[in-house]
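User: Hi! Could you walk me through the pockets and the core of this protein?
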Amino acid sequence: MSLDGIVTRALVQELQALAGARIHKIYQPTENEIVLHVRGQGFGRKLLLSAHPSLPRIHYTEQPWTNPMEPPMFCMLLRKHCEGGIVEEIRQDGMERIVWIDIRHRDELGDLSIKRLALEIMGRHSNLILLDPASGTILDSIRHITPAISSYRVVMPGTAYVPPPPQGKANPLDVVGEAAFAAELEKALQGAGSGAERKVDGSGGRNGGVAGSGGEDGGRADLSPKALAGALVGAFSGVSPLLAKEIVHRAGGEAASLWPAFRGLMAEFAGHRYEPTMIETPDGRTSFSAVRLTHLQGTERSFGTMNECLDVYYGDKAERDLVRQRTTDLARLLANETAKNEKKLEKLRETLLEADEADRFRRLGELLTAHLHQVKRGDVSAEVVDYYEEEQPTVAIPLDPLLTPTENAQKYFRKYNKLKNSRAVVTEQIEGAEEEIRYLESVLQGLETATPADIEEIREELTEQGYIRFRGSRKGANGKKRKGDRPAILCYTSSEGVPIYVGKNNTQNDYVTNRLGQPTDTWLHTKDIPGSHVLIRGADFGEATLHEAAMIAAYYSKAKESSGVPVDYTRIRLVRKPSGAKPGFVIYEGQKTLYVTPDEALVRSLPSAVKQV
């Protein structure tokens, strides 16, 4: 991962400013993240400690976090032992991705004590542990590890803290001289065995040296750049595959030049001179590091601090992951309801096909009535002349032998009437099922573009529509949403300075279209595609604003990844919601259509803010 020991070192160095600051508030917005509100001399910062299995990290954050109504038990324990405490020290365990935060706090008796937060950034094994450093006892952790999970270390309240198992690698900042560097690489290569991709020299002997003067036989290892990078990762703690590739690239891919490149970068790190950089390659992958990544080609962005770099990098990723966690049940519900309606629709269409056969049953009943004198009880069929056809062919009409001829004719008329009457009902039911599928698709589209703040609105909407059972208000909540509540609406500002409002779910769509819109405003929506209601506020705007609004409408729709997306636009006065229609559904007239291809970079470049309007 990009967050290696070197990045951790840069972060910890920047976090030294927190020494002596007071922890004002502690929150746990998700099951994996803790946010410390820290106040110091003339500053206030939010410090994020994340033990997320795929996004573990530590950095200052400016991202908005929504906290649960009831704080989790681990959060309550942190408040007891750390809230109001003073940050004594922040340090890194060698070059490992382990950060210790010592906090001085008064206990229940008023005595000063030190508590330690240990953040272990280890991928899916990441953890945040609160312990008493004096006794080495764990008070609690954000994730418990029982003996059934690990035989090496148990992380449970009351057990002794055991650090993660050592990797046995050298600290790259402690390496002195090329011989020591070559020796560490050689050790890593021997450990890797045949996987190191080593070759045999012309005399038949195996080259032992990596650098020109570092090998016992004075030879040079003929290693590929990939093998050199792997050796660096295997030899030195804190060096990730990404950083190793950068070192090899700066060495020109040559083993003989590896030591100067390595020594130069480590000298910069030892002096806490970093170049926080994030780069997006043409394939869409984004990487960051404490140095410029010259081996990657793409869009590069530099930052003043490592903390700022991580906050930007993880901002969208963490938000998308949080939304995915909190909407898994809603997405499953919508998928099940959609599948149920599609199955219902299939059966209704089959019934409608049968209803189209109604006239045939009426004709059989009339033919049978006209030939009653030829039929007697007990017959299984009747051969009659079909006088409806010009050729007047003879047709066989199936009969129920237990019924009289008249009763058989009445049976065909009853079936005719039943099918004739069902056609209107089934057609209405088909329209209802299709409308419900469109509605469910619109809610699902809202989930795909939702922020954590939008989720509760979608959940309330589904509750009001009867898809989710209302379980009563939680403690501190009002239960039902008040009618006077105004949702927070995302507002872009066009290049011409005109506000463009976007409804990101049906609740917001209804508000934007039916309450916020004025008669002179322009309304936009993707044509026959689930998406957001977009509103250009005011009548004084040019083609640039119209094009940008259409781009926003296409971007916040199901056709986000498509090209040539049709977007209808018309005056808001020509848009209305039918009585009894589901949230977000409107009909409109007088529209014109634009065709645009969604451009995420263009949409993101427009100034935006969430407003209560």
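Analyst: Happy to. A pocket here is an open set of grid points with protein on both sides within 12 Å along at least five of seven lines, and its lining residues have an atom within 4 Å of a point. Keep in mind that this is a predicted model.

User: Thanks! Which residues lie nearest the centre of the second largest pocket?
Analyst: Those are Arg-438, His-525, Ile-529, Phe-585 and Val-586, out of 24 lining residues. Two or more lining residues come from each of helix 9 (405-448), helix 11 (506-516), strand 17 (522-526) and strand 21 (587-588).

User: And which element gives the largest share of that pocket's lining?
Analyst: Helix 9, with five residues. The pocket's volume is about 510 Å³.

User: How does the lining of the second largest pocket split by class?
Analyst: There are nine nonpolar, eight polar and seven charged residues.

User: Switching topic, how many residues are in the largest nonpolar core?
Analyst: It has 78, and Phe-236 is one of those with the most contacts inside it, as are Leu-49 and Ile-58.

User: What does Phe-236 touch?
Analyst: Leaving out residues up to four places away in sequence, its contacts include Pro-172, Val-175, Phe-181 and Phe-262, as well as Lys-169 and Glu-184. Another core, of 24 residues, lies apart from the largest one, with Leu-524 and Tyr-555 among its members.

User: Last one: what is the volume of the largest cavity?
Analyst: About 120 Å³. Gln-63, Pro-64, Trp-65, Gly-315 and Glu-319 lie nearest its centre, and helix 7 gives the largest share of its lining, six residues.

Notes. Residues are numbered from 1 along each chain as its sequence is written. This is a predicted model: local features need pLDDT of at least 70, side-chain atom pairs count only at pLDDT 80 or more; totals for chains, interfaces and linings use all residues. Side-chain values use heavy atoms; hydrogens and water are left out. On a 1 Å grid over the protein atoms alone, a cavity is a set of points where a 1.4 Å probe fits but cannot get out, and a pocket is an open set with protein on both sides within 12 Å along at least five of seven lines; lining residues have an atom within 4 Å of a point. Grid points are joined across faces, edges and corners, and a volume is the space filled by probe spheres set on the points. Helices (H or I, at least four residues) and strands (E, at least two) are DSSP runs, numbered from the N terminus. Ala, Val, Leu, Ile, Met, Phe, Trp, Tyr, Cys and Pro count as nonpolar, Asp, Glu, Lys and Arg as charged, and the others, Gly among them, as polar. A nonpolar core is a set of buried Ala, Val, Leu, Ile, Met, Phe, Trp, Tyr and Cys residues joined through side-chain atoms within 4.5 Å. Buried means under 20% relative accessible area, exposed over 50%, partly exposed in between (1.4 Å probe, protein chains only). Contact means heavy atoms within 4.5 Å.
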